[in-house]
2 protein chains.
Amino acid sequence: MSRGRIDKREAILAAAFTVFARQGYARAGVQEIADEAGVAKPTVYSHLHDKENLFRHAMAAAADEVAAENLAIVDRLRDPGDDLRAALEDVAFRMLRVCCDERSRALRRLTFGQVGQFPELLDTVQERTSCQIAEAVADRFARLSLAGRLRSCDPARAAEQFLALLTGPLDARSRLGTRKVAAAETRAIAAAGVDTFLRAYAAPGAAESPDT
Amino acid sequence: MSRGRIDKREAILAAAFTVFARQGYARAGVQEIADEAGVAKPTVYSHLHDKENLFRHAMAAAADEVAAENLAIVDRLRDPGDDLRAALEDVAFRMLRVCCDERSRALRRLTFGQVGQFPELLDTVQERTSCQIAEAVADRFARLSLAGRLRSCDPARAAEQFLALLTGPLDARSRLGTRKVAAAETRAIAAAGVDTFLRAYAAPGAAESPDT
DNA sequence: CGTCTATTGAACGCGTTGGTTCATTTTGAC
DNA sequence: GTCAAAATGAACCAACGCGTTCAATAGACG
């Protein structure tokens, strides 16, 4: 089967992201990427024309993976069950775990760091991750609001703040993703974020309201 | 006067940060920095031994400036006046403006992007900015809580979440600081963040509670 | 005025790395 | 088994940029 050829391309992209994540764009050598992929240098250049192209494609592929992972998690809010707080905490915890993931962190690091040299990269990545996720969360919140589980509010703003309440403290605790943060602490951050969120957005008198 | 010598060093550091911010670490040439500072290349090497050292010192200096600016703003919470909501919104807005500032953004970009090559840089910068600021805010919140203006809470967590509610949405809106965001929108973000914060942290039955 | 120090400009060595060439070998299709 | 496309390895070129050297200059101080 001719899968061998396609596999090579995928292997190169995966290896490229690995090496870029480890070394940064400038310090990563094409030869090094070729080695990591178990492939010769000319093979790399035959699949991806030059280093810049290689970088763009590797980043896009990685962004797609991360986005898919996150969207799958948010989808769990489609049927939140009886205990909204528990459901939110569960989703929050899972999303934070993904954000802690080395792949996510490297993606953000590289995007942020190379945005000067690759201006359009920001749109590519941000579009596929943050925006889509915020949108998905907003969708869920809109339904929850309509169902009387959350107070009437702007779902986009609620989603924005919900995500901020999670990722902000995580970044602070993990030193922008360079320190490891224990699962227990991650769970505490999720619980704290959800608590504050519910204090601000729970439907008045609802069961998940913190003062009951 | 022998100020000329010290001035040169400062000029070099300032120019270095400017060029690093514009080009990124790898793409910035020492010659270019020397030109920007109006100085010869050997002069740069005589003051700062090599490029890495130059980078470290330039970043530290820039971090100090940003930190000082932010701390001055937080200090305004020392005497919040009658209207706590207004005071918080004012501080929030001013801090967001600083975060939008090109210097702050470049600082974060460079730190984040070069953290792989300069691991200790993260501590240097983060220590001087985020940590100090969160600490200062926590101090203010502790006093406010004791004075009955905020509900009883963990001030560190409250500060963490307060800052997250501001910077998170700002990052989302400004595409991590690459799009300009109008002053009106910044103010809206500040108001929204403070609103959510007060819903979660206002003292029960206080005047600044949103349901009065 | 003489001296010492900081600065300058220009050039250089040198290592690194992106990108290419080519002859050879492997691979997969038929 | 045959053939064409793809992969390999090794070498090569050229550009770039760090860091240095050095002779010449400017300026402060006594």
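Visitor: How is chain B superposed on chain A?
Guide: In this predicted model, a rotation of 180 degrees with 0.0 Å of shift along its axis places chain B on chain A, with an RMSD of 0.1 Å.

Visitor: Which C-alpha of chain B is nearest the axis?
Guide: That of Gly113(B), which is 1.8 Å from the axis.

Visitor: What should I know about the numbering and the model?
Guide: Residues are numbered from 1 along each chain as its sequence is written, while chains are lettered from A and ligands numbered from 1 in the order in which they are written. As the model is predicted, local features need pLDDT of at least 70, side-chain atom pairs count only at pLDDT 80 or more, and totals for chains, interfaces and linings use all residues.

Visitor: How many residues of chain B are in contact with chain A?
Guide: 32 residues of chain B are in contact with 32 residues of chain A, contact being C-beta atoms, placed from the backbone, within 7 Å.

Visitor: Which element gives the most to that side of chain B?
Guide: α8(B), with 10 residues. Helices here are DSSP runs (H or I, at least four residues), numbered from the N terminus.

Visitor: Why do the copies meet through the same surface?
Guide: Because 100% of the interface residues of chain B are also interface residues in chain A.

Visitor: Moving on, which residues are closest to DNA strand C?
Guide: Gly29(A), Asp50(A), Lys51(A), Ala40(B) and Thr43(B) are the closest of the 20 residues that surround DNA strand C. A residue is near the strand if its C-beta atom, placed from the backbone, lies within 6 Å of it. α3(B) gives the most to this surface, with four residues.

Visitor: And what of the largest nonpolar core?
Guide: It has 67 residues, and among those that touch the most other members are Ala92(A), Leu166(A) and Val137(B). Such a core is a set of buried Ala, Val, Leu, Ile, Met, Phe, Trp, Tyr and Cys residues joined through C-beta atoms within 7 Å; buried means that 20 or more other C-beta atoms, placed from the backbone, lie within 10 Å of the residue's own.

Visitor: What is Ala92(A) in contact with?
Guide: Leaving aside neighbours within four places in sequence, Ala92(A) is in contact with Leu166(A), Ala190(A), Gly193(A) and Val194(A).

How values were computed. Helices (H or I, at least four residues) and strands (E, at least two) are DSSP runs, numbered from the N terminus. Two residues are in contact if their C-beta atoms, placed from the backbone, lie within 7 Å. Copies are superposed by least squares on the C-alpha atoms of residues with pLDDT of at least 70 in both. A residue is buried if 20 or more other C-beta atoms lie within 10 Å of its own, exposed if 12 or fewer, and partly exposed in between; C-beta atoms are placed from the backbone.
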